[in-house]
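Work through the exercises below with the structure open beside you. Try each task before you read its solution.

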Amino acid sequence: MLLSSVELEILKIIEENHKLPIESIALMAMCSEDTVKKTIEKLEDEKIIISYPTLINWSKVEGQDSVIAMIDVKVTPKRDVGFNEVAERISRFPEVSSLYLMSGAYDLSVTVEGKNMNQIASFVSEKLSTIENVVSTTTHFMLKKFKHDGVIFNSGNDDKDRRMVVTP
Amino acid sequence: MKHAYDHYLSQTAKELQPSGIRKFFDLAATMEGVISLGVGEPDFITPWSIREATILSLEQGYTSYTANAGLLELREEITNYLATRFGVQYDPNNQIIVTIGASQAIDLAFRAILNQGDEVLIVEPAFVSYAPLVAIAGGKPIPVSTSAANGFKVTAEQIEAAITEKTKAILICSPNNPTGSMLTKDDLMELTTVINKHDLLVVSDEIYAELSYNGDFCSVAAMEGMYERTILINGFSKGFAMTGWRLGFLAAPKEIAACMLKIHQYTTMCAPIMLQRGALEALRNTYHEVESMRNSYRRRRNYMVQTLNQLGLECHTPGGAFYVFPSIRSTGLSSEQFAEELLVQEKVAVVPGHVFGESGEGYIRCSYATSMEQLQEAMRRIKHFIETRKKVLCPTAAQSTIQS
């Protein structure tokens, strides 16, 4: 879908910061508040804006840490539908937080989240590997998140403003 | 007993005025919770790949001097950059000097061209160091005031009126600090006639060239007939977010460059090698980051200009840099009063316009090189400040009697 330059501008502004008020977005993109509202509605309807998730560092919240595993899945593609059918089937499991078709040594990269290792182990052995056309799985448990969706975790003071208050 | 030093000090140094910004900085630095619109540098940290290249060069043991003019490799890269980006051709062997910030380049330019008493026209409002640097080099700074009515663009008539037989050069900074105003090709065309007619040199401070928002920046050196009389000054500070690196460069006709190089080699030797190697990475691989920073500034500029105008602080839409320069005359305050009261009452730091020259009186400089959250909060506070003042100025008749 081809967007106008104003629509593109609005999209880029909220990609960076979706918490900005409509008035500010309108001033930044040099358009009316009505245009901003309508554009956002349109982009949501078109599923170009899919959702506004909040990135949370759960490891900092006691008792709330989860276990994440990235699983390499080899699949026999099916005639006519290729990888789509099996990928869609896997993506419906709520434990799966992301799923990509990859080039290279394996076919699907599946990210799974669970409360503990057992939960993930049973998901892999009972659900994932039993799906027809899944040939093999290799499970990698994530040990620590350093960066996610472009955001560095525990960046300390890296983004602190170190500038002097007034400079020429 | 207190030792008397006055007779030791040079007359020139004694006559230099301390920057008006300093006083403001001292006041603001003591306060907590200040939102600063007073910062003349990017809010971005230098792109990582530039920092990484610099660290690598240290690890590899690049710790020696370089050629006085800078690494030839870097001068070649600068030459390419100036040619592809601004359409000006220079020879890396004898026309480019890598300097300690654009500031040193300006210093070199004045020292190389000025004899005692030579006059230099400084288009004002202007960056605080031009006039002192002219004075240090033995010249006489002559302010040429511009006005808001013309978007703070200097006109040929204003230049003509300031020229005497002693005028040697004119300093132009476009996009401008503090006004953000930018001279387009047409604007420059108008100026070249008078510059040619009086055989002036142009010291062109183009440090904000990368931060021009309509894509119509034009280098003075690219103008017809100007190449031979222009000392082009640029650097990495603003566009590449590298202020603290103190790395700039200049490009000039080779006779002038040779003269500047002599001064540079005796005063500075060369710019630090590891930083020069970082600059190589900046020019080779980080242009997409410059573009993304520029887009971010442009959006914030749009927000600031419209919001300030809505608040009754009239301002033109600046073509470049990251400053807006609104008029505060409607408040009945002087620049200094406005800035001081705003800081004390609302904890927002701006720079009073008069520190950039007489024609800056009645204006304040607001930098938008800070986050949207901070800008929005600053605008809320300025709005509150103006509304509170209105209540004080136009209360009921009884109250105003008490006030007076």
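This is a predicted model: local features need pLDDT of at least 70, side-chain atom pairs count only at pLDDT 80 or more; totals for chains, interfaces and linings use all residues.

**Exercise 1. Find which helix of chain A gives the largest share of the side that touches chain B.**

Solution. 
- Start with the contact itself. It joins 14 residues of chain A to 25 residues of chain B.
- Now look for the main contributor on chain A. Helix α2 (residues 22-29) supplies the largest share, three residues.
- Sort the chain A side by class. Nine residues are nonpolar, three are polar and two are charged.

**Exercise 2. Determine how α2(A) and α11(B) are oriented to each other.**

Solution. 
- Take the axes of α2(A) and helix α11 (residues 287-310) of chain B. They come within 7 Å and cross at roughly 105°.
- Apply the cut-off: 65 to 115 degrees counts as roughly perpendicular. The two helices are therefore roughly perpendicular to each other.
- List the residues that meet. α2(A) brings S24(A), L27(A) and M28(A). α11(B) brings R299(B), R300(B), N302(B), Y303(B), Q306(B) and T307(B).
- Classify them. The contact has three nonpolar, four polar and two charged residues.

**Exercise 3. Describe how α2(A) packs with α3(A).**

Solution. 
- Read the geometry. α2(A) and helix α3 (residues 33-45) of chain A pack at about 105°, with axes 8 Å apart.
- Name the orientation. α2(A) and α3(A) are therefore roughly perpendicular to each other.
- Assign the residues. I22(A), E23(A), I25(A), A26(A) and A29(A) come from α2(A), while E33(A), V36(A) and K37(A) come from α3(A).
- Check the classes. This contact of α2(A) with α3(A) has five nonpolar, no polar and three charged residues.

How values were computed. Residues are numbered from 1 along each chain as its sequence is written. Chains are lettered from A and ligands numbered from 1 in the order in which they are written. Two residues are in contact if their C-beta atoms, placed from the backbone, lie within 7 Å. Helices (H or I, at least four residues) and strands (E, at least two) are DSSP runs, numbered from the N terminus. Ala, Val, Leu, Ile, Met, Phe, Trp, Tyr, Cys and Pro count as nonpolar, Asp, Glu, Lys and Arg as charged, and the others, Gly among them, as polar. Axes are lines fitted to C-alpha atoms, for helices over the stretch in contact, and angles run from 0 to 180 degrees between N-to-C directions. Angles under 35 degrees count as roughly parallel, over 145 as roughly antiparallel, 65 to 115 as roughly perpendicular and the rest as oblique.
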